[in-house]
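Take a walk through this model from one end of the chain to the other. The tour starts with a strand pair, then steps back to the whole chain.

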Amino acid sequence: MRIQMSGQADTRVLSDTGTGIVGTYSNHPLTIKTNSSTVATFDASGNLGIGTSSPSTLIEGRTSTANTAYLTLGTDNAGSSHTVDHDIAALQFYSGDNSGAGSGVKGSIRYKYGSSSGATTHMTFHTAGVSSGNDTERLRIDSSGHVGIGETAPLVPLHISKNTASGENIALLLDNNDTTAGSEIGMLFRSRVGTTNTDFQISGIADGSNDMDLTFASDGGTERMRITSGGLVGIGMTPNSGCLLNVNSHIRAENSAFLAGREDASLPAFAFHDDTDTGMFNVASNILAFSTGGTERMRIDSSGRVGIG
């Protein structure tokens, strides 16, 4: 059946080789109305507009009422025996490109059953691999809101797994692309006591020589410890280039020994930061010696005998 008014759209309803056809055979849109109001429009390019007569994309939906612009996908299966990880609904993304893993559904967002009873569900996000693995799961949000990246059973709010036997195996990268010395990137740990937040921060700070120091700061951003790019450690002070460990306070060792090397008179194992050739050192097994100015001045042997000079 053909319907056409002079100069207007050529509209036809017909059957062609077992296929029912409704549409326009002229350069005009096809409009669908209910109760005399337009609800959908196929424009001359084939774009579908729902709630709009001028869609700019393949499918475009609009509404003038808040909280109603929804797309609902699902199943009416109300059974009590479901297959875990079977889809309830999905959005699939197709590409005809034959490179990599080949043409097909390259990625998707899927809503799945998390238990056979259907009581729990989870949402998964899929992408294609470089050379294989079209539509491979990369991220999952379970029914508790836990997020798993490379992990199908996340145990905490964010659970990242990277199962590689070789290499650095880095699972999380924090990046600040600012090139200014002193720029930083970090992680903040926060707990609350009453109405007060208590924070602890670990940051990487650019040191101006294409390297980064790692800092540890307590509440209020007060730095407590720093590990420089050269491996020096400062606790309560700036690390000194002459010492691996720098501490600006007392050091306490309880129920354990504080061990040092033997060294010699010119660089005793226990010395002073501004007088490194004066102090105490171990000459040999069970022999303790003291030096000043890099010269041994006193020695105590294993029998307790003291030698001076």
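Ala289 stands opposite Arg299 in β25. The model is predicted: local features need pLDDT of at least 70, side-chain atom pairs count only at pLDDT 80 or more, and totals for chains, interfaces and linings use all residues. Residues are numbered from 1 along each chain as its sequence is written, and side-chain values use heavy atoms, with hydrogens and water left out.

Strands here are DSSP runs of E with at least two residues, helices are runs of H or I with at least four residues, and both are numbered from the N terminus. Two strands pair if DSSP finds at least two bridges between them. By that rule β24 (residues 287–292) and β25 (residues 295–300) pair antiparallel, over five bridges. Thr292 faces Thr295 of β25 in this pairing. Two residues separate the strands of this hairpin, and Gly293 has a positive phi near 60 degrees there.

β24 also pairs with β23 (residues 275–284), again antiparallel and over five bridges. Gly279 has Ser291 of β24 as its bridge partner. The hairpin of β23 and β24 has two residues between the strands, and Asn286 takes a positive phi near 65 degrees.

Now follow β25 onward. Three bridges join β25 to β26 (residues 306–308), and the two run antiparallel. Ile300 has Val306 as its bridge partner in β26. This hairpin leaves five residues between its strands, and Gly304 in the turn shows a positive phi of about 90 degrees.

**The chain as a whole**

How many helices and strands does the protein chain have? It has zero helices and 26 strands. The radius of gyration is 36 Å, well over the 19 Å that the globule rule gives for 309 residues, so the chain is more spread out than a compact globule. That radius is taken over C-alpha atoms, and the rule is 2.2 Å times the number of residues to the power 0.38. The C-alpha trace spans about 125 × 50 × 50 Å along its principal axes.

Contact means heavy atoms within 4.5 Å. Of the contacts between residues at least 6 apart in sequence, 12% join residues at least 24 apart. Buried residues make up 20% of the 309. Buried means under 20% relative accessible area, exposed means over 50%, and partly exposed lies in between (1.4 Å probe, protein chains only).

The chain exposes about 21400 Å², and carbon and sulfur atoms supply 53% of that area. Such areas come from the Shrake-Rupley method with a 1.4 Å probe; for residues, only the protein chains shown count as cover. The charged side chains number 19 positive and 30 negative, and the centres of the two sets lie 5 Å apart. Lys and Arg count as positive, Asp and Glu as negative, while His and the chain ends are not counted. Each charge is placed at NZ of Lys, CZ of Arg, CG of Asp or CD of Glu.

An open sheet of three strands has the order β1-β2-β3, with antiparallel pairing. Its edge strands are β1 (2–3) and β3 (19–24), each pairing on one side only. β2 (residues 11–16) pairs with β3 over six bridges. Leu14 has Ile21 of β3 as its bridge partner.

**Stops in between**

Most residues other than glycine have a negative phi. Asn35 has a positive phi of about 50 degrees. It sits in the loop between β4 (30–34) and β5 (37–42). Asn35 is exposed, at 75% relative accessibility. Asn255 also has a positive phi, near 60 degrees. Its loop runs between β19 (245–247) and β20 (263–264). Asn255 is exposed too, with a relative accessible area of 80%.

Leu73 lies in the loop between β7 (59–61) and β8 (87–95). It is partly exposed at 46% relative accessibility. Beyond residues up to four places away in sequence, Leu73 touches Ala89, Ala90 and Leu91. Leu73 and Leu91 are 18 residues apart along the chain, with their C-alpha atoms separated by 8.9 Å.

Ile149 belongs to β12 (residues 147–149). It is partly exposed, with a relative accessible area of 33%. Leaving aside neighbours within four places in sequence, its contacts include Arg138, Leu158 and Ile160. Ile149 and Phe272 are 123 residues apart in sequence and 50 Å apart in space, C-alpha to C-alpha.
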